[in-house]
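The sequence and the model are shown first.

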Amino acid sequence: MKTAFVTGASAGFGQAICRRLVAEGYRVIGGARRMDKLQRLEQELGENFIALELDVTDKASLERAVEQIHEASLAIDLLVNNAGLALGIERAQHSSAQNWERMIATNITGLALITQRVLPRMVEANSGLIINIGSIAGTYPYPGGNVYGASKAFVKQFSLNLRADLAGTRVRVTNIEPGLCSGTDFSVVRLNGDMEAVQALYKDVDAIRPEDIANTVCWIAQQPEHLNINSIEIMPVAQSSAALNVVRNL
Ligand code: NDP
Ligand code: 8X3
């Protein structure tokens, strides 16, 4: 039986990915801070789901989680680095330093350190797949994207650089870059619980659903071992690029 470790398993994409991977026959370790949510998922999914308390911004929590996995002699075949968040949509000049620090700690430092702890055993086994959850915000700038988008640009480049370091091994790395997705807590967190703003964002838009991302993870994991899917960018049909902004009479 293959083992997957999914970070950010208590909501949104992470929860959908856990459900899908268990259905595909994986043993899944799901990490997040909210244990009540993970325990509910454990009740739903049964013995092939293991809830693991994890705060990727807390080095002690991260070390404890990785130790628990090693002590249980679980070799991770698939790591899904999904835990992440955006905080605020203000322009840089009006944003909060605290929000910036938390996004960097979660989306960059947390993701890099989890990878750093899991990778050596994958290399030793000469097998394994890392799927990072990036974002279209790592490629396309938009007002208010500032540090969030930059953190996802880190995920994009980190994924490519990992591939360079892993040359000569069979360990694979993919970056999934989704666009607008509804049905997760992402915008509730980003907009600080302003449900009117959340509803306005998704109004009359047929956005990506968490199950679409779970399907994508599953498809990547099913590819033959001689293939590496470097990146996948996904948008809802309803989302597309806009023209560059021009300000007149500046
Ligand atoms: P959700 O808010 O629904 O889920 C985020 C998950 O990350 C939760 O399980 C949360 O768990 C976990 N998390 C947050 N901070 C930490 C932390 N410090 N330690 C451990 N876990 C943490 O959002 P989504 O499912 O939408 O987002 C998942 C990923 O997808 C993120 O990386 C996001 O940037 C990315 N993404 C989302 C898009 C969208 O439109 N929804 C589009 C593109 C990318 P807990 O709070 O219990 O710790
Ligand atoms: C989330 C997608 O477009 O809201 O990463 O930044 S977007």
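Leaving aside its neighbours within four places in sequence, which residues is Asn-228 in contact with?

## Basis of the report

This is a predicted model, in which local features need pLDDT of at least 70 and side-chain atom pairs count only at pLDDT 80 or more, while totals for chains, interfaces and linings use all residues. Residues are numbered from 1 along each chain as its sequence is written, chains are lettered from A and ligands numbered from 1 in the order written, and side-chain values use heavy atoms, without hydrogens and water.

## Surroundings of Asn-228

Beyond neighbours within four places in sequence, Asn-228 is in contact (heavy atoms within 4.5 Å) with Arg-163, Arg-172 and Val-173. Asn-228 is found in the loop between helix H8 (210-222) and strand E7 (231-234); helices (H or I, at least four residues) and strands (E, at least two) are DSSP runs numbered from the N terminus.

## Packing of H1 and H2

The axes of H1 and H2, lines fitted to C-alpha atoms over the stretch in contact, lie 11 Å apart at an angle of about 25° (on a scale from 0 to 180 degrees between N-to-C directions). H1 is therefore roughly parallel to H2 (an angle under 35 degrees). Gln-15, Cys-18, Arg-19 and Val-22 of H1 meet Leu-41, Glu-44 and Leu-45 of H2 in this contact.

Note on methods:
Angles under 35 degrees count as roughly parallel, over 145 as roughly antiparallel, 65 to 115 as roughly perpendicular and the rest as oblique.
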